[in-house]
Amino acid sequence: MTQINKKMPVLVTGATGYVAGRLVNRLLEAGLTVHAPVRDPNNLDKTRFLRQLAEELPGQIRFFEADLLDGGSYDEAMKGCELVFHTASPFSLQFKDAQKDLIDPALLGTRNVLGSVERTPTVKRVVLTSSCAAVLGDTVDLLSLPNGTATEEHWNSTSSLTHQPYSFSKTLAEKEAWHLNRAQNRWDLVVINPTLVLGPGINPRGTSESFHIFRQLGDGTMKSGVPDLDIGLVDVRDVAQAHYLAGFTPKAQGRHIVSAKSLTVLQMAQVLRSHYGDAYPFPQKQLPKWLVWLVGPLVGMPRKMVRRNVGYPWKVDHTKSKTELGLTYREPEEFLVEFFQQMIDHGTFQK
Ligand code: NAP
């Protein structure tokens with residue numbers, strides 16, 4: 001049982017990010033003081049949405065300078081904090097060097113942040129933003145699980161530096177966090193494992209891969225068809241609330257799969273089409289797997305990824321997030337439209 005004093009500051013790594021933006025929003029709403037170590041506190045493009053929220057909401061924000069790859073750089077910001085949210089980690093499928101661009105910041109960054117936790121005696125709890133990618137590598141892996149369903153018991157054992165390296169980075173980072181947590185008994189670790197996060201962000205032009213993936217449904221990239229891919233989806237505000245509850249629920253423990261529902265890419269497009277009609281070039285059909293396999297590498301989808309993910313149903317069990325954290329979920333039919341409307345309002349689809 002860990003009781004966090006809400007009068008003490010809380011630290012959020014990666015506050016400029018999509019998921020963390022909504023988390024900071026939630027913390028400021030609750031009147032907390034947020035310590036935000038970011039790569040460049042003077043970059044107003046990245047920090048202005050957070051500064052604006054702090055003006056409107058009861059809480060306060062203080063920026064610090066830190067980098068996941070700069071050892072000890074989180075020490076200053078962590079002083080006096082009882083609760084640390086570690087969300088910073090690159091989420092991008094457009095990388096050049098998987099080791100340098102994904103694995104190092106995820107793994108060495110987790111070691112770095114938890115090193116600061118070790119040196120900061122006030123810290124009682126760390127909430128880590130992991131991913132469902134640390135639970136499950138490829139959708140085909142579900143076939144070997146009981147009821148074809150992934151739970152918090154399961155770990156991704158099929159990703160590697162060369163196959164699904166983002167998922168590999170999240171698996172390595174979460175395992176390292178558990179390893180460091182078990183080596184001591186001052187601070188406890190609570191982990192959030194979201195599926196694909198969508199829904200309006202505090203910054204309408206976020207750079208998270210979530211924006212890149214979702215934008216392609218409406219910009220014509222997928223108009224000739226989509227692969228039969230089933231994906232778990234969750235609203236970014238519900239992911240923020242899951243973090244908040246993980247931080248302040250005294251008995252919270254372990255991992256939490258956070259996912260509202262799964263939809264295929266075509267079903268996502270159908271939700272948008274039923275709202276916007278033909279105003280945007282939404283995909284209207286699924287491509288046969290053999291064709292996706294053939295052309296996949298040309299559009300950044302390696303054949304092994306096609307083979308192991310296309311055409312399989314996706315199923316995870318999110319019961320623990322509801323029963324132990326008390327989380328409730330928005331419906332994709334609602335947040336997909338809200339996210340798309342945010343993109344329209346901010347000129348994403350202008351020619
Ligand atoms: P995002 O918007 O790209 O946020 C990533 C954050 O990490 C940014 O604040 C970025 O800072 C920071 N960061 C990256 N490299 C850094 C470094 N070397 N030093 C310091 N900060 C660094 O992506 P997101 O979608 O919000 O992802 C946030 C977390 O959620 C990640 O841990 C991700 O794995 C996890 N997650 C995301 C999803 C999803 O669908 N979006 C699903 C499951 C889990 P800058 O602003 O300076 O670049």
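This is a predicted model: local features need pLDDT of at least 70, side-chain atom pairs count only at pLDDT 80 or more; totals for chains, interfaces and linings use all residues.
**Stop 1: Asp 235 and Arg 237**

Arg 237 and Asp 235 meet in a salt bridge, with N to O at 2.8 Å. Is Arg 237 buried or exposed? Arg 237 counts as buried because its relative accessible area is 18%, and the cut-off for buried is under 20%.

If you colour by helix, you'll find Arg 237 in helix H7, which covers residues 236–248. Which residues does Arg 237 touch, leaving out those up to four places away in sequence? Select Arg 22, Pro 200, Arg 330, Phe 335 and Glu 338 to see them. Zoom in on Glu 338 in that group: its side chain and the side chain of Arg 237 are joined by a polar contact of 3.1 Å.

**Stop 2: the ligand**

Time to click on the ligand. There are 25 residues around it, and those that come nearest are Thr 16, Tyr 166, Lys 170, Ser 208 and Ser 210. Start with Lys 170, where a polar side-chain atom sits 2.8 Å from a ligand oxygen. Next, pick Lys 46: an N or O atom in its side chain is 2.9 Å from an oxygen atom of the ligand.

How much of the ligand does the protein bury? On its own the ligand exposes 890 Å², and the protein buries 91% of that. To see which elements give two or more residues to the shell around the ligand, colour helix H1 (18–29), helix H5 (165–182) and strand E7 (196–198).

**Stop 3**

Select Lys 261 and Glu 333, whose side chains meet in a salt bridge at 3.6 Å, N to O. This pair links distant parts of the chain: Lys 261 belongs to strand E10 (residues 261–264) and Glu 333 to helix H12 (residues 332–345), 72 residues apart.

Move on to Asp 278 and Arg 273. They form a salt bridge whose closest N and O atoms are 2.3 Å apart. Asp 278 counts as exposed, at 66% relative accessibility. After that, select Asp 138, Asp 141 and Arg 308 together: salt bridges that share partners join these three into one network.

**Stop 4: a nonpolar patch**

Keep the surface on and select Trp 290, Trp 293, Leu 294, Val 295, Leu 298 and Val 299. Together they make a nonpolar surface patch of about 690 Å². Pick out Trp 293, which you'll find in helix H9 (residues 289–295). Trp 293 counts as partly exposed, at 38% relative accessibility.

**Stop 5**

Go to Glu 56 in helix H2, residues 44–56. Glu 56 is exposed, with a relative accessible area of 56%. Now use the distance tool from the C-alpha atom of Glu 56 to that of Ser 259. How far apart are these two C-alpha atoms? They are separated by 30 Å, and the two residues are 203 residues apart along the chain.

**Stop 6: two residues in one loop**

Finish in the loop between strand E5 (125–129) and H5, where you'll find Asn 147. What is the phi of Asn 147? It is positive, about 55°, although Asn 147 is not a glycine. Gln 164 is also in the loop between E5 and H5, and its phi is near 55°, a positive value in a residue other than glycine.

Terms used. Residues are numbered from 1 along each chain as its sequence is written. Side-chain values use heavy atoms; hydrogens and water are left out. Helices (H or I, at least four residues) and strands (E, at least two) are DSSP runs, numbered from the N terminus. Buried means under 20% relative accessible area, exposed over 50%, partly exposed in between (1.4 Å probe, protein chains only). A polar contact is a pair of N or O atoms within 3.5 Å; within protein, one must be able to donate a hydrogen and the other to accept it, and residues adjacent in sequence count only if both atoms are side-chain atoms. Contact means heavy atoms within 4.5 Å. Patches are made of residues with over 30% relative accessible area and no salt bridge: like charges are joined within 9 Å, nonpolar side chains (Val, Leu, Ile, Met, Phe, Trp, Tyr) within 5 Å. Accessible areas come from the Shrake-Rupley method with a 1.4 Å probe; for residues, only the protein chains shown count as cover. A salt bridge is a side-chain nitrogen of Lys or Arg within 4 Å of a carboxyl oxygen of Asp or Glu. A residue is near a molecule or strand if one of its heavy atoms lies within 4 Å of it.
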